[in-house]
Amino acid sequence: MNPTSGDNSLNRRQALRLLGVAGAGALAAACAGPGSGSGSGQSTTAAASTTGSVGGKISFAHWRGEDREVFDKIIKDFTAKHAGTSVRQDISPSQDYQRMALQQIKGGSSGDVFTAFRGAQFTDMSKAGIFVPFDGKPVVKNYKADFIEPGQSDGKQLGFPYQLVFNMPLCNADLLEKAGNDGSPPKDWDSYLGLLDKLKGLGVVALLFPGGSPADYNQLMHSMVMNNAPSDDMFTKIESGEYKCTDDWFITTLKQYQQLSAYFQPNATGTSAEAGQQMLATGKAAMMVTGSYYVTVVRKLGAKFPLNVLAPITVSADKVKYVGIHNTTFILGVNSAGKNQATAAAFVDYLSDPTVAGVYANGTAQHVTVENVDYTDPDLNALSPWLKRKTLLAPLFQFQNLDIRGAVQNAALEVVSGKSPEQAAEEAQRVVDQKRA
């Protein structure tokens, strides 16, 4: 697939397939897309055996602390089926996991089974040779083939992206309805700002910006550039030097951040994710700049209202290409440095079973990439209309250089903090130029 073709959307037939209903046809949205890490670099992945008896201890390294209880249930069932086995969850915050997981897993002390973020981390891990390939294994057939392309490198299936998430603001649907929105994307930028005005008029924070949590507030940039950028591989081209942060489209994006900041809560740049979650859960905020990955967290905090996701539309109606963002991530892998690869592979097999994947999906309110999963969770069903809408594969993961990515993302935070869009863009571009030198 041409990575710049823009054919990264989910249509009706594909949505039905994702929901486990019979259907056919390729799912273009699942393509790795530009900068996904698929096929980039020379993998030195070791050929390691996953055959042998299942038993003993393994570690499962990941960043989804909010999924601990669901995984505990799955692990309990797995160990009941395999006497003498135990699975320890080694969970790190997502930012720490991005920084430190590779070295920890490479050493073999953690992560017999591990996960990787789509993009730069997956690329770095594949180059380091820590994945045991799944090629030729029956488990591959448990997955929707098009969704697992971001887990491929150099023609090998190194891991399985387990989650399908929507990386756009999480919303209180009751408050949206009071503001006149039925859950459908606004038609243009003026309509989106109008919605924010109405939400603000209800006496709540219209759009909560968790500026103390980069992993969360940076999700907004996916949506902010999806229609502004001249091509779908916009961040690949910033990294290559073909595009610049000082280009008109990116400065326009930063100016729109400046407009949005009027609808953020006080001390937006210092607000933690936890404080933001509490405000959303208690109805003090209508939308929070995160994604569907926080549905379960907000429910555990007591939210009783219906939830939705809603991306900002930053252009006029005639220029809208996409109405939202999706991503396939949480790439499951078996560690080539692990001492118990047979048990690790058996655990991945178990997670890949449609029934078990359904336990995970419905217990975490996360769609999965496994075939024939029965979705019963009300929140998953409420979000199902987004499976039929034209959404872009999350573009920030196109970056392979995390320093460049950080500079580009930081430009938005600088604008929210009060810096002019032009100055923030120039400073970001200087970093890009230095890192490319």
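Of the contacts in the chain with a separation of 6 or more, 78% join residues 24 or more positions apart. Contact means heavy atoms within 4.5 Å. The model is a predicted one: local features require pLDDT of at least 70, side-chain atom pairs count only at pLDDT 80 or more, and totals for chains, interfaces and linings use all residues. Residues are numbered from 1 along each chain as its sequence is written, and side-chain values use heavy atoms, with hydrogens and water left out.

The mean pLDDT of the chain is 89, and 88% of the residues score at least 70. This score is the predictor's confidence in each residue, from 0 to 100. Residues 1–9 have pLDDT below 50. Beyond near neighbours in sequence, that stretch makes 26 contacts in the model. Residues 11–48 also stay under 50. For them the model has 115 contacts beyond four places in sequence.

The chain holds 17 helices and 12 strands. These are DSSP runs numbered from the N terminus (helices H or I, at least four residues; strands E, at least two). Of its 437 residues, 57% count as buried. Buried means under 20% relative accessible area, exposed over 50%, and partly exposed in between (1.4 Å probe, protein chains only). The accessible surface comes to about 16,200 Å². Carbon and sulfur atoms contribute 48% of that area. Areas come from the Shrake-Rupley method with a 1.4 Å probe; for residues, only the protein chains shown count as cover.

Strand pairing requires at least two DSSP bridges between two strands. Strand E1 (residues 56–62) and strand E2 (residues 85–91) run parallel, joined by 7 bridges. Within this pair, Lys57 has Ser86 of E2 as its bridge partner. The chain passes from E1 through helix H2 (residues 68–81) to E2, a right-handed β-α-β crossover. Right-handed means that, with the strands pointing away from the viewer, the path from the first strand over the helix to the second runs clockwise.

With strand E3 (residues 113–116) the pairing is antiparallel, over 4 bridges. There, Val113 is partnered by Val334 of E10. Strand E6 (residues 160–165) is also antiparallel to E10, over 5 bridges. Phe160 stands opposite Leu332 in that pairing. E12 pairs with E10 in the parallel sense, over 3 bridges, and Gly324 stands opposite Thr391 in E12. E10 is largely enclosed by the rest of the structure, because 11 of its 11 residues are buried.

E7 (residues 170–172) is joined to E8 by 2 bridges. The bridge partner of Cys171 in E8 is Met287.

Beyond four places in sequence, Leu196 touches Ala206, Leu207, Leu260, Tyr263 and Met287.

Helix H8 (residues 219–226) is mostly covered, with 8 of its 8 residues buried.

Ile105 is in helix H3 (residues 94–106). It counts as buried because its relative accessibility is 2%. Leaving aside neighbours within four places in sequence, Ile105 contacts Tyr97, Ser110, Gly111, Phe114, Met125, Ile130, Asn335 and Ala337. Ile105 and Thr115 lie 10 residues apart in sequence and 10.0 Å apart in space, C-alpha to C-alpha. Gln277 is in helix H11 (residues 273–281). Its relative accessibility is 8%, so Gln277 counts as buried. With neighbours within four places left aside, Gln277 contacts Met288, Tyr294, Val297 and Leu301.
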